[in-house]
Amino acid sequence: MTDTTKTSRRGFLTATASTAAAAATGSMLAAPPAIAAGKITWRMQTHWPTGNWYYEDVFVKFCDRITEATNGELTITPVQSNGIVPTGEVLNAVRRGLLESAFIYPAYWIGRIPVAGHLNGHIGAWSKHEEMAAFMYEMGALDVIREAYAEQGVFQIGPVSYSGLTLYSNRPLRTTEDFSGWRVRSTGPAALVFTKMGAAPVSIPGGELYQALQTGVAEGAHWGSTATGWGMNLQEVNKFIAEPDLLGHMNGEVFAGLKAWEGLGDDLKATVSEVVRATSADASAHFVYRDMLFKKQFVEEMGGELTRLDDAAIANLRRYSMEVVDEFSAKDPKFSGRVGEMLHEFQKLRGLA
């Protein structure tokens with residue numbers, strides 16, 4: 001490898017996104033992985049549909065960033081939601097080599113990999129991106145999570161922040177009592193917490209969510225942060241946004257099949273890992289800024305209202321969240337138990353336990 005290539009990799013943080021991957025055609029998405037003359041092509045599927053602003057601004061730019069950082073030695077072809085396999089089959093597809101990689105959401109695999117709930121993030125677990133990164137990388141939680149994914153034939157490269165967990169609602173949420181009977185579209189550990197709060201979580205596919213809120217089948221929902229929910233037009237069919245966000249930063253994830261990952265040299269592995277970490281920090285700022293802009297627009301242009309949860313409700317949400325953590329630990333002591341102990345210690349360090 002030449003010195004010029006190495007210099008380019010060190011400068012990946014300032015690389016501008018190319019448009020080649022964004023312009024990929026359907027036939028390209030369906031093509032088998034190409035390995036020729038030292039070049040490797042990965043298809044990377046997401047759960048985000050095209051048309052959402054963050055599909056291009058975050059996902060496609062992430063794929064381009066890896067391609068540019070490796071000088072094309074590893075080319076990432078972005079694949080939209082359900083582009084090659086249904087979203088719920090992505091883990092299996094990557095494990096079996098039908099896909100090389102994914103940029104997706106850990107909550108989908110909690111039934112199979114319980115510790116994925118920790119990667120996704122628990123209500124009250126952290127309030128800032130730096131706290132999330134400290135827990136994952138400095139305390140070593142990600143190392144344990146990687147062990148669990150490896151048992152499924154997948155290498156967990158790392159989390160990517162989607163900013164906070166925002167509650168959109170058609171009823172004002174201020175107290176614990178306000179959650180009683182609330183029909184909220186929810187997934188993962190958050191749904192278990194809401195059940196303990198007295199709510200009635202419902203499972204609704206993303207494509208049906210707008211109509212469910214419009215018709216009253218659901219009375220509220222969370223789809224990541226204010227900004228990611230905005231991309232699903234939740235602001236059009238909800239009257240309230242509850243503050244503060246229940247989790248400072250929810251995580252997506254980037255993973256690859258073990259065979260695909262081991263097919264990379266050490267330099268490429270290091271570059272991909274660093275791009276994932278850098279993208280997480282950048283996406284965090286990207287979403288946080290848009291969260292603020294969209295909340296302002298929600299109130300000033302759409303007549304919406306920001307409601308504030310009282311201290312007792314926040315305390316109950318945090319307490320029930322740790323109960324859910326302990327329940328996961330009891331069911332999965334090998335992985336969730338170890339990370340659950342870390343999270344209890346982390347909360348002590350934050351002065352919350």
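Trainee: Which residue stands opposite G220 in strand 8?

Mentor: S169 does. Keep in mind that the model is predicted.

Trainee: What makes strand 6 and strand 8 a pair?

Mentor: Pairing needs at least two bridges. Two bridges join strand 6, residues 167–169, to strand 8, residues 220–221. Therefore the two strands pair. They run antiparallel.

Trainee: What is the strand order of the open sheet of five strands?

Mentor: The order is 7-8-6-9-11, with mixed pairing.

Trainee: Why does one side of strand 7 and of strand 11 lack a neighbour in the sheet?

Mentor: Strand 7 (184–185) and strand 11 (305–308) stand at the edges. Each has a single partner strand, so one side of each is left without a neighbour.

Trainee: Why is strand 10 called largely enclosed?

Mentor: Seven of the seven residues of strand 10, residues 251–257, are buried, so the rest of the structure largely encloses this strand.

Trainee: How do you know that strand 4 and strand 5 pair with strand 10?

Mentor: Count the bridges against the cut-off of at least two. Strand 4, residues 101–104, has four bridges to strand 10. Strand 5, residues 154–161, has seven. So each of them pairs with strand 10. Both pairings are antiparallel. I104 has E253 as its bridge partner, and V160 has G252.

Trainee: Why is V275 called buried?

Mentor: Buried means under 20% relative accessible area. V275 has 0%, so the term applies. V275 lies in helix 12, residues 266–300.

Trainee: How far apart are V275 and R65?

Mentor: They are 210 residues apart in sequence, and 7.3 Å apart in space, C-alpha to C-alpha.

Key: Residues are numbered from 1 along each chain as its sequence is written. This is a predicted model: local features need pLDDT of at least 70, side-chain atom pairs count only at pLDDT 80 or more; totals for chains, interfaces and linings use all residues. Side-chain values use heavy atoms; hydrogens and water are left out. Buried means under 20% relative accessible area, exposed over 50%, partly exposed in between (1.4 Å probe, protein chains only).
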